[in-house]
Amino acid sequence: MSRIVAVQKVLAPHRHRQRDITDQVCSSLPGADRSLLDRVHAAAGVRFRHTVLPLDAYADLDGFGAANDTFIDAAERMGAEAVRGALASAGLASGAVDLIAVVSTTGLAAPSVDARLMGPLGLRPDVKRLPLFGLGCAAGAAGLARVHDYLRGWPTHTAVLLSVELCSLTFQRSDPSPANLVGSALFSDGAAAVVAQGSGAPDKPRPPLGPEVVASRSRFYPGTERAMGWDVTDSGFRIVLDPGIPGIVRAHLADDIDSFLSGHDLARHDIGTWVCHPGGPKVLDAIADTLDLPSGALDVTWDSLAEVGNLSSASVLHVLQDTQRRRRPPPGTWGLLLALGPGFCAELVLLRW
């Protein structure tokens with residue numbers, strides 16, 4: 001077993017109404033169909049979003065290199081803020097950290113973000129580092145699962161998972177494709193850090209503690225590699241987003257979750273808390289329908305989508321913190337954290353409070 005002992009979410013500094021972003025996108029895309037853009041943005045279920053730069057500053061980013069430099073600078077700042085906040089909430093010093101894992105799919109860095117944070121955070125020189133790239137929206141759940149795997153092998157250790165996603169830096173100003181329009185309606189900038197410990201960790205955090213991580217399951221769907229992801233171009237990351245994703249969810253997710261839960265003598269009705277990535281209205285409707293979830297089961301996820309948009313891998317961790325703060329589950333009850341991402345894949349993490 002491992003336990004989540006603290007979660008800290010961070011949002012990029014510039015907050016905007018969805019309407020203001022719609023205006024900016026329209027002015028940035030030559031020949032954009034304003035009526036279509038209005039419909040796409042209105043249907044996204046998003047009221048506010050955060051960006052790492054002021055909206056009028058994105059036109060000054062001249063190509064992939066400039067956008068990526070901005071990513072590195074902001075990822076360091078926001079990542080450090082998230083990790084410091086999570087450690088402070090746990091009442092732990094940076095010297096207690098044995099592993100730092102970093103997930104992101106919206107920028108590249110070598111040395112990786114975790115290496116760049118070693119000095120600013122005061123981490124020990126022998127800390128293990130695990131940078132993970134390419135898992136997209138699924139990476140918050142997948143990263144938590146990999147941290148759990150590590151802590152099962154090193155039960156006396158403390159680990160940090162950091163997600164930093166600056167989706168606004170990937171917007172393509174010359175791409176009028178439906179995928180780019182949908183992406184321009186949903187995605188936002190943010191970070192999140194999780195502190196987790198193995199069952200025998202000597203540095204005990206202060207309560208209230210988060211849930212235990214009991215198990216995880218990864219599910220890859222063959223033949224879906226073009227459902228979601230990036231095409232890496234001279235101008236940066238160009239989004240790949242297939243409208244058939246809700247159909248993939250409806251075809252597979254319920255059976256995958258039932259199989260996962262049955263291995264722990266559980267069924268869907270035993271899950272009292274659903275911590276779900278806010279992939280967008282059509283995906284959330286598909287999840288709720290195919291799992292036959294009770295009314296209100298995804299309220300925290302819907303609220304997160306409305307208030308901050310889709311933060312890619314960081315979103316499910318934001319939903320986890322919101323769940324703990326707004327409607328903390330009773331002790332001993334079960335939860336399932338889930339996210340979907342490029343591959344196409346599902347990542348499932350079984351929790352117990």
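Me: In which strand does Asp189 lie?
Reply: Secondary structure here means DSSP runs numbered from the N terminus, with helices (H or I) of at least four residues and strands (E) of at least two. This is a predicted model, in which local features need pLDDT of at least 70 and side-chain atom pairs count only at pLDDT 80 or more, while totals for chains, interfaces and linings use all residues. Residues are numbered from 1 along each chain as its sequence is written, and side-chain values use heavy atoms, leaving out hydrogens and water. Asp189 belongs to the strand spanning residues 189-198, β7.

Me: Which side chain of opposite charge is nearest to Asp189, and how far away is it?
Reply: Asp189 is buried (under 20% relative accessible area, with a 1.4 Å probe and protein chains only), yet has no salt bridge, a term for a side-chain nitrogen of Lys or Arg within 4 Å of a carboxyl oxygen of Asp or Glu. The nearest side chain of opposite charge is that of Arg49, at 8.1 Å.

Me: Which backbone nitrogen does the side chain of Asp189 reach?
Reply: Beyond four places in sequence, the residues in contact with Asp189 (heavy atoms within 4.5 Å) include His50, Thr51 and Val52. The side chain of Asp189 reaches, at 2.9 Å, the backbone nitrogen of Val52.

Me: Which residue just after α9 takes a positive phi?
Reply: Helix α9 covers residues 299-308, and its buried residues include Val300, Leu305 and Val308. The buried residues of α9 pack against several elements, among them β1, β3 and α10. Just after this helix, a positive phi of about 80 degrees is taken by Gly309.

Note on methods: Buried < 20%, exposed > 50% of the residue type's maximum accessible area, 1.4 Å probe, protein only. Lys, Arg positive; Asp, Glu negative; His and termini not counted. Polar contact = N/O pair within 3.5 Å; in protein donor to acceptor, adjacent residues only side chain to side chain.
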